[in-house]
Amino acid sequence: MKIVHYPDPVLTTPAKPVTDFGPRLKQVVEEMFLTMYTEKGVGLAAPQIGISRRIYVVNCAPEQPPEGEIALINPVILKVEGEQCGDEGCLSFPGIFVQKVRPGKVTVRAQDVNGKFFEVTGEGLLARALVHELEHLEGKVFIEDIEPAEFIKVRKDLESMKREYKKAHATA
Ligand code: CO
């Protein structure tokens, strides 16, 4: 599956809840994991492949997949604790990294591909990924709410991404 790049409007559109836990959902989740591994990411949200639904996948484990795979459907944040600051990127913004403050620890409640509810608690990179991907479902991208100094560093890259997008989507 192809990754949607900034500034595609699907990235800034709030995603709709999943209501159908049929075979199509399982297929989408499977393809999302494959796409994430191909692109060497640790998280991927459905809007990033053009599907505006509340689905995301993460895998921050160092072991061979399927170890560490988590698929979250209709996720909500239950609890955030502490703070961490570090470099963060996004598959929809290739080559762009900014310093970003995130919770140090987070607990998310979601449904699995069968509709069963579960909770996951993550620290460090997993906490960062769980929050980053959930924000994609709210139509929020990671370059929002960054320090002005960080924004200045990536401003030109963002402008060129906008130009590329415009060129690729220009009508004849
Ligand atoms: Co992202």
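1. Buried means under 20% relative accessible area, exposed means over 50%, and partly exposed lies in between. Glutamate 138 has a relative accessible area of 40%, so this residue is partly exposed. Note that the model is predicted.

2. Glutamate 138 has a salt-bridge partner, arginine 54, with the closest N and O atoms 3.4 Å apart. Arginine 54 sits in the loop between strand 1 and strand 2, and glutamate 138 in the loop between helix 2 and helix 3, so the pair ties together parts 84 residues apart in sequence. Arginine 54 counts as buried, at 13% relative accessibility.

3. The whole structure holds nine salt bridges. One of them joins glutamate 88 to arginine 102, with the closest N and O atoms at 2.7 Å. Glutamate 88 is in strand 4 and arginine 102 in strand 5. Both residues are buried. They belong to a network of salt bridges that also links Arg128, Glu135, Lys140 and Asp145.

4. Next, the metal site. Cys90 (SG), His132 (NE2) and His136 (NE2) coordinate the cobalt ion at 2.0 to 2.2 Å. The spacing of these donors in sequence is C-x41-H-x3-H. Cysteine 90 lies in the loop between strand 4 and strand 5, while histidine 136 is in helix 2, 46 residues away. Cysteine 90 and histidine 136 are buried.

5. Valine 106 is part of strand 6. At 1% relative accessibility, this valine counts as buried, because the cut-off is under 20%. Its contacts beyond four places in sequence include Ile77, Lys79, Leu130 and Val131. Of these, lysine 79 is partly exposed, with a relative accessible area of 47%. Lysine 79 also forms a salt bridge with glutamate 81.

Notes. Residues are numbered from 1 along each chain as its sequence is written. This is a predicted model: local features need pLDDT of at least 70, side-chain atom pairs count only at pLDDT 80 or more; totals for chains, interfaces and linings use all residues. Side-chain values use heavy atoms; hydrogens and water are left out. Donors are N, O and S atoms within 2.8 Å of the metal (3.2 Å for Na, K and Ca); water is not among the atoms, so sites may look incomplete. Helices (H or I, at least four residues) and strands (E, at least two) are DSSP runs, numbered from the N terminus. Buried means under 20% relative accessible area, exposed over 50%, partly exposed in between (1.4 Å probe, protein chains only). Contact means heavy atoms within 4.5 Å. A salt bridge is a side-chain nitrogen of Lys or Arg within 4 Å of a carboxyl oxygen of Asp or Glu.
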